[in-house]
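Welcome! Please take a look at the sequence and the structure, then try the exercises below.

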Amino acid sequence: MKLTVKKKIVAVFFGLLGCGILTAQAQVKKEILIKGKVAVLNPEVFKKYNMVWLYKGIGKGKRIVDSVAVNADGSFSLRVLKPTTPALYQLDILKWQTASFWSDEDVYISARGYDTARVKTKNSGYIAVESKSHATQLINSVVYNQYLAEKEMNLLTEESYAAFNHKAKDSTWLYYLRSKGLIKSKNENEALRLKQMIKSNEDNPALVYLVAMLPTEKDNTFFETTLNKLIVRYPQMEEAKQLKKEYLDKKAIRNSLKTGSEIPTIVYNNPDGKPVDVKSFKGKYVLIDFWASWCGPCRKAIPEIKTLYSQYKEKGFDVLSVSIDTDNAAWRKAMSEEDMPWTQVLSPDKNKTLADFMIMGVPTLFLVDKEGKIVEKYTGFSAKLKTQLEDIFKDKI
């Protein structure tokens, strides 16, 4: 009889233990909750884009996972299955902003949404992403630093414009900014900060996000070494493999866009639907400006380009603006507003154009000589362009 009681006690004990194990297993999270709040929804004309779209992956390997409408109060929520191998996720918010995070913990996102500024810019402003994930926290720190860097550049650009307008009275200020000012060293300093963050977080899988931000054109050795280490450390990470593939593809294109190489073929239609061939500009120095109606920095650069055009158009200088707009009406409206007195064409395939010319963002400009060969490529409007044109045309009457 005592043995039977003992057996019952043991059975009850292990039964309770088993229930505990099952309960614990049931509590293991199998989903990730993505919640957030958007401060400003799209106006009525863009109301259909009051949604968020969730993507997984990086670069051309990015694919859509889910989407959900944003509520009238700006809130949204969606759940996705937690992947066996955590990965990089990106949230497209109202077609205006992008938030990135690692898929190992829940996230809460605070975004601006629609840009209410006069000159509207996609992916401007800071998006706060809160999470317990160390990987997401690293991404968010880098994004915040990038946001501050953009604000600094806006201030420095305004200072440069002011100095340029003041040069008739005193050119010392402008000379200092061009030769020793912060704009000259800003990109280098930002790259150094990013490298230090990479070196300090080699055991964090979100490192792939940081590596993707590296300016590979200036230091491909560091990029290649870091990426290869990442692939060895995380052999199952598809984002790192995709990043390497795209890098090798771009490296081949970069070799064809070196200084002294002939500019790749451009035959795009003007507003009248007539094709314009870049080869028709041979015999002149031509500035090819890749821009878009929605690009704030592009439109801020147009007055500067107008000044250069006015200064040198009679001396053998011309401009060709290549829009990457996908909205024909928006392109035509922007052209009318900016009143640019030079040739305008529209890319028929935005993604192909960006890939063919290794354009990571607009504005991107190429200065091409009279033989159709590349003199310089500028990522954003550059004071160096002004100096180069001054040297080229200094002996022209």
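**Exercise 1: two packed helices**

The crossing of α8 and α9 is right-handed (the near helix is turned clockwise from the far one by less than a right angle; left-handed would be anticlockwise). Helices here are DSSP runs of H or I with at least four residues, numbered from the N terminus. The model is predicted: local features need pLDDT of at least 70 and side-chain atom pairs pLDDT 80 or more, while totals for chains, interfaces and linings use all residues. Residues are numbered from 1 along each chain as its sequence is written, and side-chain values use heavy atoms, without hydrogens and water.

Task: Which residues make the contact of α8 and α9?

Step 1. Contact means heavy atoms within 4.5 Å.
Step 2. On α8, look for R299, I302 and K306; on α9, for A334, E337 and E338.
Step 3. Sort them: 2 are nonpolar, none polar and 4 charged (Ala, Val, Leu, Ile, Met, Phe, Trp, Tyr, Cys and Pro count as nonpolar, Asp, Glu, Lys and Arg as charged, the others, Gly among them, as polar).

**Exercise 2: a disulfide**

Task: Find the sulfur atoms of C295 and C298, and say how far apart they are.

Step 1. A disulfide is a pair of cysteine sulfur atoms within 2.5 Å.
Step 2. The sulfur atoms of C295 and C298 lie 2.3 Å apart, forming a disulfide.
Step 3. The S-S torsion of C295 and C298 is about 80 degrees, so this disulfide is right-handed.
Step 4. C295 has 3% relative accessibility and therefore counts as buried (under 20% relative accessible area; exposed is over 50%, partly exposed in between, with a 1.4 Å probe and protein chains only). C298, at 2%, is buried too.
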